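Please consider the following note alongside the sequence and coordinates. The points are arranged by topic.

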Amino acid sequence: MQSNNKYYVLCGLAIGGCLLEYVFHFNNYVILMLMVLAFGFIWFLYDQKDLLMKEKENFELQEEIKSTAKDAHLKNKQLFTVVSSIPFPIVLLDQFGNIVMYNNNIEEISVLEKPKGPMNYTNNSFAPSVKEFMNDAFTLERHEDKIIKINNIEYQAIAVPVTAKQKYSGCLILFQNISKTLEGEKMQKRFIADASHELKTPIAVLKGMVEILNREDFDDDATREEFLKQMEKEIGRLDILVKDLLQLSRLSMSNPILERKKVDMREIVLKSCKSLEKQANAKLIAIVSDFQNDGFVFCDPLRMEQVMLNIIGNALKYSDRGTITISLYDEKTNFVIEVKDEGCGIRREDVDQIFERFYRVDDDRSRQSGGSGLGLPIVKSILDAHGASICVDSTPGVGSTFIIKLKN
Ligand code: ADP
């Protein structure tokens, strides 16, 4: 367009020159000179304009390249931040098997500390199981999903092929530590086995008694009466066990629903003591309360009542004499509930295990008093859901103190 313009100007100058000669009869050389000068000047102006435009275009192009590079850098940084914040090892391989991106958790899947220098999936610092998995995923170019052991920890390894323009361009591999999940599954299985065992015992007793009572030649009234009493006891035990199992399973959900509100703990303690009054009187055990200040706490009142019933109920179950003292007081940022008894106490080696499901120090005593072995696990689950803690201070033959700390 611009060079075309120059030719138009040249034509214009020629026509102008002809007019000058024709109208003013100018000397031909003068006209030619004027034309050359004018054309040279115009040519120069156009060149300058072209130059300026080219410089402007160049500048714009450079700015565009800069902003694209900045964008790419930012996107790279964002991607790296995302990859780094993923809490398990993640590796991106390109089409040649080179590791083009990884996060710091890669150390978990390495035998040595952190692989140094440019890395390839065959890198020696990776654990052998990792190398094998990466090799399969890279060479087979397909989705792979496998549980592998790395440094004695179980991982779920997942590989996803990456394609660009329908061509294989590497794969994304991640390793998730699943030892906790597997441990949870194991515990679940153990719990089901233990629960079935606990249910089987009273059912077997009931079955045996019903079979004897149903015999045609059975006509012993005294034994029948004794059996019926025993059966009632076993049914009561089954009832408690099933209720406790249901409650524990509800509390074992990842987020048990709590109906928290500001409540006066003194009222909850007094209500629980009232419910257990009959049992305490039967054993001639006194329950004393020692409330040092107001007892307002933010908690689920029904669940906390369950906690107090279980703890005070245990204090009664495992005491044959003495006093049970319940103290409420503030300590720094905690609200503390203490239940102290003068009962049989718990041996040091048993203290850590009494919060485990179905753990009983004295099996006979616990069963005699209708214990399911789930009371303290229920207490622990409720307190965990409240973010509270529980600990025990106990001396065999002297007594036990259960200490609960709720955050104020
Ligand atoms: P259980 O239904 O058997 O009472 P828990 O889970 O409530 O089950 O308690 C677990 C075990 O902890 C009990 O079997 C008992 O041996 C022991 N225990 C709990 N509280 C006390 C206590 N106050 N004094 C002595 N032993 C206790």
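What volume does the largest pocket have? The points below begin with the answer, after a word on conventions. The model is a predicted one, in which local features need pLDDT of at least 70 and side-chain atom pairs count only at pLDDT 80 or more, while totals for chains, interfaces and linings use all residues. Residues are numbered from 1 along each chain as its sequence is written, and side-chain values use heavy atoms, with hydrogens and water left out.

1. **Largest pocket.** The volume of the largest pocket is about 1000 Å³. Its lining comprises 41 residues, of which Asn310, Asn314, Lys317, Tyr318 and Gly371 are the closest to the centre. Two or more lining residues come from each of α5 (221-251), α7 (277-282), α8 (301-317), α10 (363-368), α11 (375-386) and β12 (399-407). Helix α8 gives the most, with eight residues. Here a pocket is an open set of points on a 1 Å grid over the protein atoms alone, where a 1.4 Å probe fits and protein lies on both sides within 12 Å along at least five of seven lines; lining residues have an atom within 4 Å of a point. The volume is the space filled by probe spheres set on the points, which are joined across faces, edges and corners. Helices (H or I, at least four residues) and strands (E, at least two) are DSSP runs, numbered from the N terminus.

2. **Nonpolar surface patch.** Ile15, Leu19, Tyr22, Val23, Phe24, Phe26, Val30 and Leu34 make a nonpolar surface patch of about 830 Å². The elements contributing two or more residues to the patch are α1 (2-24) and α2 (28-85), and α1 gives the most, with five. Patch residues have over 30% relative accessible area and no salt bridge, and nonpolar side chains (Val, Leu, Ile, Met, Phe, Trp, Tyr) are joined within 5 Å. Areas come from the Shrake-Rupley method with a 1.4 Å probe, and for residues only the protein chains shown count as cover. Ile15, placed in helix α1, counts as exposed because its relative accessibility is 53%; the classes are buried (under 20% relative accessible area), exposed (over 50%) and partly exposed (in between), with a 1.4 Å probe and protein chains only.

3. Ile90 belongs to strand β1 (residues 90-93) and is buried, at 6% relative accessibility. Beyond its neighbours within four places in sequence, Ile90 is in contact (heavy atoms within 4.5 Å) with Val83, Met101, Tyr102, Asn103, Leu172, Ile173 and Leu174. The C-alpha atoms of Ile90 and Ile173 are 5.8 Å apart, although 83 residues separate the two in sequence.

4. **Ser129.** Helix α3 (residues 128-140) contains Ser129, which counts as buried at 19% relative accessibility. Leaving out residues up to four places away in sequence, Ser129 touches Ile148, Lys149 and Ile150.

5. **Positive phi values.** Most residues other than glycine have a negative phi. Lys165, not a glycine, has a positive phi of about 50 degrees. Lys165 sits in the loop between β4 (153-164) and β5 (167-177) and is exposed, at 83% relative accessibility. Leu284 likewise has a positive phi, near 55 degrees. Leu284 occupies the loop between α7 and β7 (286-291) and is exposed at 75% relative accessibility.

6. Lys66 pairs with Glu63, with the closest N and O atoms 3.7 Å apart. These two are separated by about one helical turn, because they are three residues apart in helix α2. Lys66 is exposed, at 54%, and Glu63 is partly exposed, at 34%. In helix α5, Arg237 and Glu234 are also three residues apart, and their salt bridge is 3.6 Å from N to O. Arg237 is buried, with a relative accessible area of 19%, as is Glu234, with 5%.

7. **A salt bridge between helices.** Lys271 and Glu305 meet in a salt bridge of 3.3 Å, N to O. Lys271 lies in helix α6 (residues 265-275) and Glu305 in helix α8, so the pair ties together parts that are 34 residues apart in sequence. Lys271 is partly exposed, at 49%, whereas Glu305 is buried, at 13%.

Methods
Patches are made of residues with over 30% relative accessible area and no salt bridge: like charges are joined within 9 Å, nonpolar side chains (Val, Leu, Ile, Met, Phe, Trp, Tyr) within 5 Å. A salt bridge is a side-chain nitrogen of Lys or Arg within 4 Å of a carboxyl oxygen of Asp or Glu.
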